[in-house]
Amino acid sequence: MELPSTKPYLLRAIWEWCSDNGYTPHLAVQVDPRTNVPREFVRDGQIVLNIGPEATNKLQMGNELIEFQARFAGVARQLSVPVEQVAAIYARENGAGMAFEIETDGATSDFAAAPALDRGEAEREPEPPPAGGRPKLQRIK
């Protein structure tokens, strides 16, 4: 018998840690055909989403899907992200969080040519990494 994944529980725990400590939780998502996100903000097959309480409405972090509403260029959109497609969750302010391996099957190649990386608001430029270099992420298999 295969053990259930710990990934959805870790995602919820880090989201709660970020929120409790005044940080802004972000998801890095490897986009595939099942991922319902604004395709115009996908870059190199990935999108980064602000999933903080002030950026989302009706956030539900289930064991299979993360679903919520968010605004892009002032337009409310319904998003749905398969948990297995989440590459990382981290605090925007300091990069603390966790990274996960994503098993790819080549399905993301259709989304690699989109123009911009999203940080929850289409008008904002991508933010530089936190002071001191790379985010402090731990890779989980």
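Before anything else, a definition: two strands pair if DSSP finds at least two bridges between them. Helices (H or I, at least four residues) and strands (E, at least two) are DSSP runs, numbered from the N terminus.

**Ground rules**

I noted that this is a predicted model, where local features need pLDDT of at least 70, side-chain atom pairs count only at pLDDT 80 or more, and totals for chains, interfaces and linings use all residues. Residues are numbered from 1 along each chain as its sequence is written, and side-chain values use heavy atoms, with hydrogens and water left out.

**Whole chain**

I looked up the make-up and found one helix and eight strands. Along the sequence they come in the pattern α-β-β-β-β-β-β-β-β.

Next I checked burial (buried is under 20% relative accessible area, exposed over 50%, partly exposed in between, with a 1.4 Å probe and protein chains only). Of the 141 residues in the chain, 40% are buried.

Then I went for contacts, meaning heavy atoms within 4.5 Å. Taking those between residues at least 6 apart in sequence, 64% join residues at least 24 apart.

How many residues of strand 6 are buried? I got six of the six for this strand (residues 86-91), so the rest of the structure largely encloses it.

On one pairing I found strand 1 (residues 25-30), which runs antiparallel to strand 6 and is joined to it by five bridges. I picked out P25 there, and its bridge partner in strand 6 is A91.

I also followed strand 6 to strand 7 (residues 97-100), an antiparallel pairing over three bridges. Here A88 sits opposite A99 of strand 7. These two strands make a hairpin with five residues between them, and in the turn G95 has a positive phi of about 75 degrees.

**The 3-4-5 sheet**

I then turned to an open sheet of three strands, ordered 3-4-5 with antiparallel pairing. Its edge strands are strand 3 (57-61) and strand 5, each pairing on one side only.

Between strand 3 and strand 4 (residues 65-72) I found three bridges, again antiparallel. M61 faces I66 in strand 4.

Last, I zoomed in on S80, which lies in strand 5 (residues 75-82). Is S80 buried or exposed? Its relative accessibility is 13%, so I wrote it down as buried.

Leaving out residues up to four places away in sequence, S80 touches R34, T35, N36, L65, I66 and E67. I spotted I66 again in that list, the residue that M61 stands opposite.
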